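Below are my notes on the model you sent.

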Amino acid sequence: MVASVEPDVNQKSFAITFVHNPDIRYDQNYGTYFAPLWAYTLASHVPDDWSVTICDCKIDNIHEVVRSDVFAFSGINQDLDSIRKAHDLVKEKYPDSTFILGGPITWSLREEGKLSYLQYFDYLFIMDGEETLPMFLSAFEDASYRDLPQIIEAEARFPIQQAKNIRIDLLKPKIEHYYGAVLEVSRGCPILCEFCDIRVLPGNNQSNNKPVSLIIRRTGPVS
Ligand code: B12
């Protein structure tokens, strides 16, 4: 257990904490022992005047989560209850903060007509967050975010060729707690497996590959 959840920089104007609280339930749940790639990926798209903290509830103590203007959550369908649990704990501690949620669960529940399950969040993000999250945080800075709809959907898939390096600096202090790490090399899939969501996501029934140079940069040494 990491004793406390410290922000990376103390002198910033705004603070965001990414909260990862996966439900540990199914046979493939060794997956929950991987680093939360969504958080380290989106952290690199947060505007400069924001401090970033990542609270991974598997290894960090959520009761010590730092005060933040925005708490960002994510998850897959099976995390419905564990997301609510983490949300409620943090909301009780920081009731004035803004709570947002993205990830596969938002798209899937919207398709099922069950997005109301998540309406306790201030804002729900659907699809890729690389453009919508910084847009939202910039609007937060001048309070214009209040004019945004509760459901914010990316207009198109993020061109993955424009991806940034993930925040390895934030991952480093925790890396020994993880079973492994997922490395993202592409999005989308040209195969049409009936059980998989990926093929039916808009613009996703084709491969969208990262340049090799970016993949190699991302896999560079962490210590
Ligand atoms: C790698 C992977 C695995 C690995 C590792 C998982 C891990 N924990 O790291 C393994 C093989 C272990 C695995 C297992 C399982 N997986 Co899996 N997995 C994936 C995969 C291929 C990539 C996930 C990833 O890291 N992507 C890269 C990151 C950067 O993308 P992302 O998380 O989606 O985040 C982006 C957006 O969603 C958005 N976003 C996300 N969060 C937030 C938050 C905010 C605030 C904002 C603004 C935006 C935002 O912005 C991000 C950047 O664009 C996806 C399919 C896919 N290509 O997405 C399936 C996927 C996530 N898995 C899925 C499933 C069902 C499972 C299992 C339940 C399968 C099973 N029956 O056991 C288990 C669950 C394990 C677990 N609890 O984690 C489903 C989830 C569907 C759903 N809607 O719930 C997916 C979508 C595939 C599918 N079949 O459709 N998985």
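1. Leaving aside residues up to four places away in sequence, its contacts are Ala 39, Leu 42, Ala 43, Ile 54, Cys 55 and Ala 72. Keep in mind throughout that this is a predicted model.

2. Phe 18 belongs to the largest nonpolar core, which has 40 residues. Together with Ile 16, Val 19, Ala 43, Ala 72, Leu 101 and Phe 125, Phe 18 touches the most other members of that core. Two or more core residues come from each of strands E1 (14-20), E2 (50-56), E3, E4 and E5 (123-126), and from each of helices H1, H2 (80-93) and H4. The top contributor is H1, with five residues.

3. Helix H3 has three buried residues, Ile 105, Thr 106 and Trp 107. These buried residues pack against H2, E4 and E5. After H3 comes Gly 113, with a positive phi near 75°.

4. Around the ligand there are 35 residues, of which Gly 31, Ser 74, Gly 102, Gly 129 and Asp 197 come nearest. The elements supplying two or more residues to this shell are H1 (37-43), E3 (70-74), E4 (98-102), H3 (104-111) and H4 (132-141).

5. On composition, the shell around the ligand holds 18 nonpolar residues, 13 polar ones and four charged ones.

Note on methods
Residues are numbered from 1 along each chain as its sequence is written. This is a predicted model: local features need pLDDT of at least 70, side-chain atom pairs count only at pLDDT 80 or more; totals for chains, interfaces and linings use all residues. A residue is near a molecule or strand if its C-beta atom, placed from the backbone, lies within 6 Å of it. Helices (H or I, at least four residues) and strands (E, at least two) are DSSP runs, numbered from the N terminus. Ala, Val, Leu, Ile, Met, Phe, Trp, Tyr, Cys and Pro count as nonpolar, Asp, Glu, Lys and Arg as charged, and the others, Gly among them, as polar. A nonpolar core is a set of buried Ala, Val, Leu, Ile, Met, Phe, Trp, Tyr and Cys residues joined through C-beta atoms within 7 Å. A residue is buried if 20 or more other C-beta atoms lie within 10 Å of its own, exposed if 12 or fewer, and partly exposed in between; C-beta atoms are placed from the backbone. Two residues are in contact if their C-beta atoms, placed from the backbone, lie within 7 Å.
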